[in-house]
Amino acid sequence: MDFSLTPEQNMIRDMVREFALKEIRPIAADTDREGKFPWETIRKMGALGLMGMTVPSEYGGSKIDVLSYTLALEEIGKVCGSTGLTMEAHNSLGVGHIFERGSEEQRRKYLPRLLTGEGLAAWALTEPNAGSDAASLQTTAVLEGDEWVLNGSKQFITNGSIADIITVMAKTDKTKGAKGISAFIVPKGTPGLVYGGEEDKMGLRGSVTSQLAFQDCRVPKENMLDEPGMGFIGAMQILDRGRTAIGALAVGLAQGALEECLDYAKQRVQFGRPISKHQAIQWKLTDMATEIEAARLLVHRAAFLEDRGVPFSKEASMAKLYASEIAVKAAVEAVQVHGGYGFTKEYPVERLFRDVKLYTIGEGTSEVQRMVIAKHLGL
Amino acid sequence: MMNIIVCAKQVVDVGEIKVNPSTNKPVLEGIPKKISDIDKNALEEAIRIKEKLGGKITVMTVGPPDAKEKIKELLAMGADEGVLIPRPQGADYHIVSKLLSKGIEKLGNVDLVLCGEASIDMFSGQVGPRIAGFLDWPQLTYSFKVEAEAGKVKAHRNMGDRMVVTEASCPAVLTVTKEINEPRLPSLMQILGSARKPIHEWTVSELGMDKEPARVLEKDLRGVKMERKNIVFKDDMDNAVEQLAEKLAKEGLLG
Ligand SMILES: Cc1cc2nc3c(=O)[nH]c(=O)nc-3n(C[C@H](O)[C@H](O)[C@H](O)COP(=O)(O)OP(=O)(O)OC[C@H]3O[C@@H](n4cnc5c(N)ncnc54)[C@H](O)[C@@H]3O)c2cc1C
Ligand SMILES: Cc1cc2nc3c(=O)[nH]c(=O)nc-3n(C[C@H](O)[C@H](O)[C@H](O)COP(=O)(O)OP(=O)(O)OC[C@H]3O[C@@H](n4cnc5c(N)ncnc54)[C@H](O)[C@@H]3O)c2cc1C
């Protein structure tokens, strides 16, 4: 067993850390407050390869090992949960699905623009009436001549209204349940693709979360991804991978919270000494640090297994569950350590506190992760 | 085509150094290492010159074996090859600079040598000028703007109390300041590609330097104690500002 990173992994982490500190941290509070989508940052990330991390170079991507991908996500998440989610939904879900399940032709046609930060990808599974129980989705796709005609609506789609390309899961065979679901590539501007507005969210306000409607939305026959009926199976594979990534972002947010506290606690003096000298504060910070380390190891191990090409679904669920739960706890404690100031927008922990909650919900709630783990335990 | 050498030093991350309060000595064990910041400015400038005129960039480091990993960072940024020369026990500025100049001679056909104006750990600013001395090449120190053309180079230089513009024919040695540019970050593909770029390891004896005695004597190394004076001016604002200014002036901090 060897816990050390390779020189390349170290370099990748250092590069992303420097980028995050220089380019994202200074604007993170404004991005949140103004709900302004940071396009300029995304383009810069594209130039560094950070928007093509799941696709090999022969398609114009910068595919790296999964562990390096988690290191990068942690560094971005540490300074801005919104930018982290944008990056993750793009790489793991939108781009990931087209690369993993797309034909050679589809890859060549749709991926290049998405990998440079010029265009974004979105991925639409969730519907108003189908969240955790995604297989019950109601959007339909019917073949009419050479076109698939989509009808239905999607809810909570990250990058939805600003994406160049959306991967949409829809029912093609109502008699077959999950095996009757197929995946489609729907480009921006397709007639019948209607934007239904953005969610007014508690946190992650610098990321776009859209409602989408499909009203006789027609795409060419060749826009089906994969085989008919493989949409849900493909989506589950993509979500399995996404879980490790969400875990990594959660570790990042938690680490960000811890670092804010370490700075603040050494400076804030109450009862004649820095509050960092009060054992009550020390124990909060020691527990936070310990839980973060455990979560990071779970994330790294899930990534390590995926890199080895062996099953990682259980470990990815565990990593996502634990990392997101301890991250929420860390953010709550971080506000507490900051006292009244933590309750104001003057300090980043207030934003962290609001941002972090999504990570126990998106890409499978904590309850859904426990369902996955229970299945792996043979229950 | 420019054949450029960038001299880069691995240093301890000075921001992380703590001073042992009882001995006043800096604690250097376990401190993370990095490439001295201003050397990255030198490399950035070399990359810009190469982008304009074509050529090749070699980074040269005198340092411990673990410096190889940091040289890779520079290869990722855009250098083509690395050279690592081991740092002899007790090596001083004289030995380090002479090793570098011998390395530059060994490489041959060099047009430009770029160094940081000083390294962020010792900040002596000796290495660049000493290399120029050993090679008997012109030196353009403290450059904050460089214009290179085939066969010659012009540098805008910060001499403290004035700016000067100096032109020299190649080969020449340049040292650059932090203001000259913003070093780029390597992309993921450049990082992955760095593994394929060569790092040559040369020995001290192959450079004919195994018997060279040190000339600079290091007497002692001590941390500077920093303590706040904890003076608070609480009066009404106008008064407080005046008092503060007066106090700062007395300490010689207002130029
Ligand atoms: C900011 C944001 C971004 C998102 N981005 C995307 C995206 O890009 N693409 C996309 O497709 N979706 C996206 N989602 C949707 C997200 O995946 C869903 O919100 C999530 O899967 C939960 O579904 P739901 O909101 O319908 O909650 P529900 O499924 O209604 O769950 C409500 C509660 O019931 C619990 N629950 C449900 N079923 C069970 C059960 N069997 N046993 C125990 N407890 C249960 C849940 O855990 C939860 O606590 C996003 C959501 C948000 C908020
Ligand atoms: C919305 C809001 C409304 C408010 N309204 C009022 C008001 O109307 N009137 C008013 O007077 N004040 C008001 N306050 C102030 C509030 O009472 C203080 O924020 C609170 O007492 C904490 O003080 P502090 O924020 O300075 O945190 P600090 O005292 O600096 O505490 C920071 C952290 O250190 C911990 N800590 C401090 N000392 C110790 C110790 N010895 N041992 C262990 N842990 C320690 C604290 O528990 C906390 O976790 C308000 C605050 C807010 C946010």
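**A tour from the ligand shell to the chain contact**

Start by selecting the shell around ligand 2: by class, seven of its residues are nonpolar, five are polar and one is charged. Here Ala, Val, Leu, Ile, Met, Phe, Trp, Tyr, Cys and Pro count as nonpolar, Asp, Glu, Lys and Arg as charged, and the others, Gly among them, as polar.

You are looking at a predicted model, in which local features need pLDDT of at least 70, side-chain atom pairs count only at pLDDT 80 or more, and totals for chains, interfaces and linings use all residues. To find your way, note that residues are numbered from 1 along each chain as its sequence is written, while chains are lettered from A and ligands numbered from 1 in the order in which they are written.

Stay with ligand 2 and pick out Gln270(A), His278(A), Ala280(A), Gly339(A) and Gly340(A), which come nearest of the 13 residues around this ligand. (A residue is near a molecule if its C-beta atom, placed from the backbone, lies within 6 Å of it.) Next, colour helix H7 (279-308) and helix H8 (313-337) of chain A, since each supplies at least two residues of the shell. Helices are DSSP runs (H or I, at least four residues), numbered from the N terminus.

Now move to where the chains meet: chain A brings 14 residues to the contact and chain B brings twelve. (Two residues are in contact if their C-beta atoms, placed from the backbone, lie within 7 Å.) On the side of chain A, helix H1 (residues 7-34) gives the most, with seven residues.

Finish on chain B by selecting domain 1 (2-207) and domain 2 (225-255), as given by the domain assignment.

Key
Domains from an automatic or database assignment.
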